[in-house]
There are 4 protein chains.
Amino acid sequence: MEKRKDDHIHLAYSDVSQVGSPWFDEVLLIHNALPELDLADVDLSADFLGAKVSAPFGIGAMTGGTELAGKINAELAKAAEEFGIPMYVGSQRVALQNPSVRWTFEVVKQHAPTIPKVANLGAPQLSALPEEKVVEWVVEAVEMIDAYAVAIHLNAAQEVVQPEGEPRFRGVLEKIKLVKRAVGKPVIVKEVGNGISKEVAERLAGVVDAIDVGGLGGTSFVSIEGARALGAGLELYRRISEVFKTWGIPTAASICEVRSVFGGYVIASGGVRSGLDGARALALGANFFTMSQPLLRAVLDGRIREEISAVLTELKVAMFLVGARRVSDLAKVPRVYGPRLREWIEQRGLRC
Amino acid sequence: MEKRKDDHIHLAYSDVSQVGSPWFDEVLLIHNALPELDLADVDLSADFLGAKVSAPFGIGAMTGGTELAGKINAELAKAAEEFGIPMYVGSQRVALQNPSVRWTFEVVKQHAPTIPKVANLGAPQLSALPEEKVVEWVVEAVEMIDAYAVAIHLNAAQEVVQPEGEPRFRGVLEKIKLVKRAVGKPVIVKEVGNGISKEVAERLAGVVDAIDVGGLGGTSFVSIEGARALGAGLELYRRISEVFKTWGIPTAASICEVRSVFGGYVIASGGVRSGLDGARALALGANFFTMSQPLLRAVLDGRIREEISAVLTELKVAMFLVGARRVSDLAKVPRVYGPRLREWIEQRGLRC
Amino acid sequence: MEKRKDDHIHLAYSDVSQVGSPWFDEVLLIHNALPELDLADVDLSADFLGAKVSAPFGIGAMTGGTELAGKINAELAKAAEEFGIPMYVGSQRVALQNPSVRWTFEVVKQHAPTIPKVANLGAPQLSALPEEKVVEWVVEAVEMIDAYAVAIHLNAAQEVVQPEGEPRFRGVLEKIKLVKRAVGKPVIVKEVGNGISKEVAERLAGVVDAIDVGGLGGTSFVSIEGARALGAGLELYRRISEVFKTWGIPTAASICEVRSVFGGYVIASGGVRSGLDGARALALGANFFTMSQPLLRAVLDGRIREEISAVLTELKVAMFLVGARRVSDLAKVPRVYGPRLREWIEQRGLRC
Amino acid sequence: MEKRKDDHIHLAYSDVSQVGSPWFDEVLLIHNALPELDLADVDLSADFLGAKVSAPFGIGAMTGGTELAGKINAELAKAAEEFGIPMYVGSQRVALQNPSVRWTFEVVKQHAPTIPKVANLGAPQLSALPEEKVVEWVVEAVEMIDAYAVAIHLNAAQEVVQPEGEPRFRGVLEKIKLVKRAVGKPVIVKEVGNGISKEVAERLAGVVDAIDVGGLGGTSFVSIEGARALGAGLELYRRISEVFKTWGIPTAASICEVRSVFGGYVIASGGVRSGLDGARALALGANFFTMSQPLLRAVLDGRIREEISAVLTELKVAMFLVGARRVSDLAKVPRVYGPRLREWIEQRGLRC
Ligand SMILES: Cc1cc2nc3c(=O)[nH]c(=O)nc-3n(C[C@H](O)[C@H](O)[C@H](O)COP(=O)(O)O)c2cc1C
Ligand SMILES: Cc1cc2nc3c(=O)[nH]c(=O)nc-3n(C[C@H](O)[C@H](O)[C@H](O)COP(=O)(O)O)c2cc1C
Ligand SMILES: Cc1cc2nc3c(=O)[nH]c(=O)nc-3n(C[C@H](O)[C@H](O)[C@H](O)COP(=O)(O)O)c2cc1C
Ligand SMILES: Cc1cc2nc3c(=O)[nH]c(=O)nc-3n(C[C@H](O)[C@H](O)[C@H](O)COP(=O)(O)O)c2cc1C
């Protein structure tokens with residue numbers, strides 16, 4: 001498990017982890033040559049599931065469970081605290097099963113005491129647990145990082161392409177309902193790179209507080225597992241990874257899918273690579289966006305503050321150039337969609 | 001004839017035989033992040049023209065008639081029997097005309113006694129035969145492999161690009177009706193790489209039990225014959241091959257063409273290269289799919305079991321990721337079509 | 001003048017003369033897997049403006065006026081006579097002004113006594129001539145080759161890109177009417193590589209017997225003149241050629257333009273490169289098609305018979321594969337248009 | 001400031017300054033094979049905001065303020081006077097703040113006494129000035145070059161990507177109204193490379209006399225500032241430049257945006273690279289077009305007369321080939337739009 005976690009970090013750092021396109025280039029926000037405001041008037045402050053944060057941007061779910069992961073979490077937490085933005089942790093199962101690595105998650109609450117933190121557990125694991133155990137795990141995961149919200153990740157594609165995978169999704173929706181009842185916190189359901197469809201969002205509506213689309217077009221665990229399979233000489237897994245590498249709903253399309261049927265909070269992730277991408281996600285109807293891989297790289301390269309700062313500046317500039325004073329103004333800015341996104345919206349009957 | 005058969009095998013093995021695209025990449029099945037089933041729950045069992053088989057997948061029509069062809073048929077038959085999937089043989093004319101090579105087809109019933117086997121004859125040959133002779137041939141072809149069904153192949157493009165070709169299709173439909181009357185078995189009409197249109201499918205409706213679309217985008221006999229012509233210095237045939245290399249209806253489009261007007265059993269072939277392609281074919285309305293060239297390569301490379309196993313796993317994974325428990329669920333999964341397929345469907349007035 | 005004519009021949013031979021695409025690849029004729037006829041049943045015979053010819057295919061307007069041109073015309077004429085197909089000559093002005101080169105055109109009637117021959121004069125030249133002189137020229141041009149029909153070419157783009165050009169089109173339509181009145185022969189108006197629009201076709205309807213679209217996508221005189229300008233150091237002309245190189249209406253689109261409003265005889269030319277392209281042109285509504293540059297190359301390479309024979313075979317094969325027994329059947333074969341041609345048809349309100 | 005001005009000139013000269021496409025290749029004017037006029041009949045004369053000029057073409061806003069800029073302005077002015085076409089100057093702020101460089105603008109009225117000259121000031125600077133000062137500046141700018149009209153440039157994107165930028169647009173519209181009231185001359189509002197939307201044009205309607213679209217697809221100040229940031233090691237600015245390099249409305253689309261809602265005079269600029277591009281801009285509804293960077297290059301290369309002459313010839317040829325005798329005829333010529341421009345027009349509800 002430890003080896004796999006560190007493999008994930010190293011492979012995620014490399015280009016092999018990045019697949020396809022999130023289709024943000026299919027969202028052309030119309031330039032406003034006469035914004036009638038100063039750049040300094042642009043206000044990035046946002047609401048994260050009821051909490052005030054300094055921007056509609058946060059650190060996506062990544063890691064925990066190893067020495068290296070602990071260090072990364074500590075650095076990310078410090079930066080999040082400084083900038084006043086939310087942070088997810090990676091899947092906490094490892095620490096629930098092995099208390100000796102709890103510290104690798106606990107560092108987050110130590111270094112980021114005031115910002116909203118998001119706990120993280122995987123749907124396949126919950127699927128296999130008895131009800132009492134589910135409640136016990138969630139309560140402990142929240143406590144571990146003093147979480148403001150809990151994320152349950154859906155990663156069906158990842159589970160099928162790894163030899164040690166657990167492709168079990170029977171009863172998952174009931175377990176999610178149970179989590180929502182058991183924990184007095186906002187619950188987020190998130191994908192990890194293959195996106196959420198409107199059919200899935202419809203089933204989650206009224207059940208969870210937020211959907212994090214986790215769309216196709218940035219980090220791909222199908223590709224990461226394929227690289228591992230190649231290294232291990234597992235031909236069948238390598239081949240499945242190859243076939244399903246571009247499987248999924250591009251992030252921009254997934255935001256439209258979810259927003260069309262889901263009245264709750266929508267988080268954009270998967271291939272967001274600049275504050276401009278973030279502005280496009282918000283224009284499509286997301287309330288918030290996260291980045292993962294680029295922040296991992298920035299931590300490992302010792303430039304995490306520069307990275308976050310650049311994203312926030314780009315978001316501010318994008319808002320200025322469309323004449324949006326507040327984050328909520330982005331939902332109304334004129335735009336033109338590229339042909340692929342337009343077709344998708346039309347064929348799927350979305351409102352976007 | 002013997003030389004031509006072996007040439008076909010060698011050229012089919014090489015990349016020169018593969019032309020264009022079957023447009024499966026124009027069929028995006030929508031990811032279901034919450035499939036509410038386990039991978040183990042997915043059931044691949046299928047019906048092949050009334051026979052129970054373990055998957056909606058079989059070995060396409062290929063060969064027979066030479067020493068090498070006999071060996072290939074034996075290996076394919078063993079694998080088909082092991083996996084419990086149907087198998088076609090190649091055109092049996094050679095054995096009807098030359099009894100000394102009957103064994104190259106008979107090996108199939110010896111090594112695959114229980115699975116459905118499909119006999120194979122060409123339309124141009126039937127066109128030239130008197131009625132009694134047609135019946136005699138078909139009966140003998142069925143008996144030769146203990147066939148469950150009979151396939152008549154239409155290969156107009158192939159016949160025009162080979163010097164020894166017989167581009168004769170006058171009266172073919174009447175001969176097909178005769179075959180259907182004469183043989184108490186399901187009759188399949190199949191193309192070999194240029195696809196079946198709705199106009200042709202309309203003429204076949206009520207006449208035959210199944211249509212195997214044999215669409216453009218995988219193995220191309222136009223290209224294979226072009227390579228032979230080049231080798232033989234036949235400039236005119238080489239040039240015709242060049243001009244008509246991409247002639248035909250891409251497999252995905254052909255499935256829509258046929259399904260729109262034909263109520264019978266639809267088999268997808270031509271450029272199917274993974275279980276995911278197979279799932280897309282079934283989503284478009286096919287009941288079954290076959291592969292030919294990749295299985296030929298796998299036999300010659302000594303990895304036929306691995307190949308079939310990979311295809312079945314990929315199909316299972318695709319079904320899991322769209323939340324399809326049974327094969328028949330695939331016809332209803334949400335999807336988005338790419339621009340070429342969408343235009344085709346619209347301009348041709350298809351229902352797909 | 002002599003030098004220019006030979007320059008044209010040498011530059012037309014080279015690839016620099018070929019520009020853009022005639023959009024024949026935007027016309028997908030639907031494969032008919034069950035043509036219900038034999039290849040031998042396909043009948044290529046056609047009507048050329050009232051004359052019976054052996055195929056709907058002829059030799060386009062090219063040359064005359066120099067030693068080399070005379071030899072080319074003789075070779076083309078011999079081949080046309082052998083195959084029983086029509087032949088145009090190049091612009092005859094040179095011979096009208098300089099009787100010593102009349103023989104370079106007269107060889108055509110000597111070597112091709114029985115086939116329909118087409119005389120050729122340019123609109124800009126007629127524009128400048130007094131009425132009596134126009135009649136005199138036309139009568140003489142007809143007599144020179146014993147012409148069956150007279151073609152007047154419109155070449156506005158060519159005239160502007162050459163230093164010695166005569167970009168004069170004032171009163172051209174009246175001169176065309178005069179030619180029609182003066183000569184008891186079918187009159188064809190043709191472009192030379194930039195196509196005829198429906199607006200122009202409407203003006204020609206009721207005036208001339210035939211329109212030869214001469215569309216964009218094959219030989220480009222704008223490009224040929226650009227190469228000459230480059231060689232001569234004429235920077236302004238080189239630049240204009242560069243800017244207007246892709247100017248014009250692609251041949252496939254031009255056929256639709258003309259066919260939508262013109263009830264007369266339609267000839268397709270410009271970038272026809274195989275009998276399959278010819279079949280596509282006929283499917284779009286043309287009655288006849290010609291090739292120029294490929295036949296020039298074939299003559300110079302000593303394989304003119306092989307070239308014509310290949311084109312006729314390809315046409316026959318295309319007809320067989322769509323189940324067309326006669327040339328007139330092509331207009332009704334099912335087809336799918338590519339996105340560019342489809343958009344063009346829609347935006348221009350054409351019927352095609 | 002002086003250094004920045006000269007940097008701009010040198011970077012504008014190089015290819016790094018040219019970004020994206022103005023989408024003129026999405027405007028296909030339909031060839032008129034029978035123009036019924038002579039090239040010599042084409043009349044380029046035009047109206048520039050009430051003044052008679054010899055063509056609908058002028059020299060765009062560029063420079064002033066340095067030794068080199070002064071020389072360039074003198075050369076441009078001489079050529080403009082010779083050809084009888086209008087000329088803008090670059091932003092005059094530098095001369096208003098530093099009288100010692102006034103001469104670099106004054107050369108324009110000295111060398112081009114009779115043609116319409118356009119004064120130039122930036123919106124962000126006006127935004128910061130008190131009302132009286134605005135009037136004072138405008139009056140002085142007009143006097144400095146004996147201007148016929150005044151242009152106020154909007155350059156929001158440029159201001160955000162330079163360290164010394166002034167991204168201030170609060171109150172700009174009021175300042176523009178003030179300028180219009182204070183100066184008895186036509187007022188033009190212009191972008192500098194990111195285009196004007198219909199929403200902005202609606203706000204300017206009734207306020208200003210002309211809109212110069214300054215669209216995306218030619219010279220990009222975002223890219224120029226990015227090259228400066230790279231040279232200066234300013235990573236944040238380099239990155240913002242990278243992210244926003246293709247930000248904006250392509251020129252062809254911007255002409256449609258503005259023309260759809262604005263009844264005044266429309267000037268096309270941004271990526272116009274030939275007289276044919278100019279003809280396309282006029283066909284879309286512009287009244288006039290300018291080029292900047294190509295004229296800067298031509299001056300520096302000592303071939304400004306050749307450049308202007310080529311543009312005028314190309315425009316004349318384009319008009320001839322569509323059968324347009326006068327500039328105003330261009331608005332009615334038949335055309336086909338490419339897919340991107342068509343989608344834009346449709347999604348934005350434009351009339352074009
Ligand atoms: C190294 C790494 C580890 C990850 N681990 C988890 C995880 O444990 N749980 C989870 O929900 N998502 C995990 N993710 C997925 C991210 O939350 C996110 O959905 C995905 O990386 C797409 O965003 P990106 O393209 O910005 O990287 C991980 C991503 C990375 C790069
Ligand atoms: C070596 C070879 C021989 C073939 N021979 C026949 C044949 O005799 N009869 C027939 O109906 N199809 C024949 N086919 C065509 C296949 O059945 C199938 O339609 C075609 O190969 C497209 O499938 P693929 O792209 O998966 O190879 C042959 C294919 C190959 C590769
Ligand atoms: C060498 C050469 C000379 C030509 N000369 C003439 C001519 O004199 N008159 C004319 O109407 N067309 C002339 N054409 C144009 C052709 O008739 C035809 O419209 C054009 O070449 C496009 O056909 P292609 O692409 O098959 O070559 C000439 C073409 C070539 C290649
Ligand atoms: C060197 C240079 C300096 C410029 N300076 C100004 C300026 O001071 N004011 C202004 O309104 N536009 C300025 N522009 C922008 C041009 O007016 C024009 O909008 C832009 O260059 C796009 O046109 P082009 O693609 O033909 O160059 C400048 C352009 C260049 C190339």
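A polar contact is a pair of N or O atoms within 3.5 Å; within protein, one must be able to donate a hydrogen and the other to accept it, and residues adjacent in sequence count only if both atoms are side-chain atoms.

This is a predicted model: local features need pLDDT of at least 70, side-chain atom pairs count only at pLDDT 80 or more, and totals for chains, interfaces and linings use all residues. Residues are numbered from 1 along each chain as its sequence is written, chains are lettered from A and ligands numbered from 1 in the order in which they are written, and side-chain values use heavy atoms, with hydrogens and water left out.

**Stop one: ligand 2**

Select ligand 2. It is surrounded by 20 residues (a heavy atom within 4 Å). The closest are B:A61, B:M62, B:T219, B:G271 and B:R273.

Now show the side chain of B:T219. One of its N or O atoms is 2.5 Å from a ligand 2 oxygen. For B:H153, the corresponding distance to a ligand 2 oxygen is 3.4 Å. The protein covers 95% of the 600 Å² of accessible area that ligand 2 has on its own (Shrake-Rupley method, 1.4 Å probe).

**Stop two: ligand 1**

Move to ligand 1. Here 19 residues form the surroundings, with A:A61, A:M62, A:T219, A:G271 and A:R273 the closest. Pick A:T219: a polar side-chain atom sits 2.5 Å from an oxygen of ligand 1. At A:S292, select the backbone instead; an N or O atom there lies 2.9 Å from a ligand 1 oxygen.
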